[in-house]
Amino acid sequence: MIDDLAEYYFSSSLEKLSKYNPEHIITLGKPVFDFFKKKGNLEIGAIKEVFAQKFPIHFNEKKYNFIPCVHYNSRFRKPYDTQKERLKRIII
């Protein structure tokens, strides 16, 4: 269901992105990560393996830096231990 909804809004989302011309796309959560990974034909590991790393991704001939992230560990309601440090190392 999430894929169907994401697919429905994908083209309008790209249209909105083109108005702002961002360089980075940061995902929050596994469903969004999986969708962009599939749409961008990225062959990268699971979100926990590639968290807070930059990957080039192309949509409509525009290149972005794709940065997979998570917001918190929902079981314990706290940020992942390495999240802050990994994000600090990314130069944006």
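The following conversation walks through a predicted model of one protein, topic by topic.

User: To start, how many helices and strands are there in the protein?

Analyst: The predicted model has 4 helices and 3 strands. Read from the N terminus, the elements follow the order α-β-α-α-β-β-α.

User: And how much of the protein is buried?

Analyst: Of the 92 residues in the protein, 32% are buried. The accessible surface amounts to about 7,000 Å², and carbon and sulfur atoms account for 53% of that surface.

User: What share of the contacts with a separation of 6 or more joins residues 24 or more positions apart?

Analyst: That share is 50%.

User: Let us go inside. Which residues touch the most other members of the largest nonpolar core?

Analyst: They are Phe 36, Ile 44, Ile 57, Phe 59 and Phe 66, in a core of 21 residues. Two or more residues each come from α1 (2-20), α2 (30-39), α3 (47-50), β2 (55-59) and β3 (62-69).

User: Which element gives the most to this core?

Analyst: Strand β3 does, with 4 residues. As general background, nonpolar side chains in soluble globular proteins tend to be buried together.

User: Take Phe 59 from that group. What does Phe 59 touch, leaving out residues up to four places away in sequence?

Analyst: With those sequence neighbours left out, Phe 59 touches Phe 10, Leu 14, Ile 25, Phe 36, Lys 39, Gly 40 and Tyr 64. Lys 39 from this list also takes part in a salt bridge with Glu 7.

User: How far apart are the closest N and O atoms in that salt bridge?

Analyst: In the pair formed by Lys 39 and Glu 7, they are 2.8 Å apart.

User: Are Lys 39 and Glu 7 buried, exposed or partly exposed?

Analyst: Lys 39 counts as partly exposed because its relative accessibility is 27%. Glu 7 is also partly exposed, at 38%.

User: How many salt bridges does the count come to?

Analyst: The count comes to 2 salt bridges. Besides the pair of Lys 39 and Glu 7, Lys 30 forms a salt bridge with Asp 34, where the closest N and O atoms are 2.6 Å apart. Lys 30 and Asp 34 are both in helix α2, and because they are 4 residues apart, about one helical turn separates them. Asp 34 is partly exposed, with a relative accessibility of 30%.

User: Which side chain makes a polar contact with the side chain of Asn 65?

Analyst: The side chain of His 24 does, at 3.3 Å. Apart from residues up to four places away in sequence, Asn 65 touches Glu 23, His 24, Ile 25, Lys 54 and Phe 55.

User: I would like to turn to the backbone. What is phi of Asn 60 and of Glu 61?

Analyst: Phi of Asn 60 is near 50°, and phi of Glu 61 is about 65°. Both values are positive, although neither residue is a glycine. In general, most residues other than glycine have a negative phi.

User: Where do these two residues lie, and are they buried or exposed?

Analyst: Asn 60 is in the loop between β2 and β3, and Glu 61 lies in the loop between β2 and β3 as well. Asn 60 counts as exposed because its relative accessibility is 66%. Glu 61 is exposed too, with a relative accessible area of 84%.

User: Finally, where is Arg 86, and what does Arg 86 touch beyond residues up to four places away in sequence?

Analyst: Arg 86 is in helix α4, which covers residues 83-89. Beyond those neighbours, Arg 86 touches Lys 48, Phe 51 and Ala 52. Arg 86 counts as partly exposed, given its relative accessibility of 26%.

Key:
Residues are numbered from 1 along each chain as its sequence is written. This is a predicted model: local features need pLDDT of at least 70, side-chain atom pairs count only at pLDDT 80 or more; totals for chains, interfaces and linings use all residues. Side-chain values use heavy atoms; hydrogens and water are left out. Buried means under 20% relative accessible area, exposed over 50%, partly exposed in between (1.4 Å probe, protein chains only). Contact means heavy atoms within 4.5 Å. A nonpolar core is a set of buried Ala, Val, Leu, Ile, Met, Phe, Trp, Tyr and Cys residues joined through side-chain atoms within 4.5 Å. Accessible areas come from the Shrake-Rupley method with a 1.4 Å probe; for residues, only the protein chains shown count as cover. A salt bridge is a side-chain nitrogen of Lys or Arg within 4 Å of a carboxyl oxygen of Asp or Glu. A polar contact is a pair of N or O atoms within 3.5 Å; within protein, one must be able to donate a hydrogen and the other to accept it, and residues adjacent in sequence count only if both atoms are side-chain atoms.
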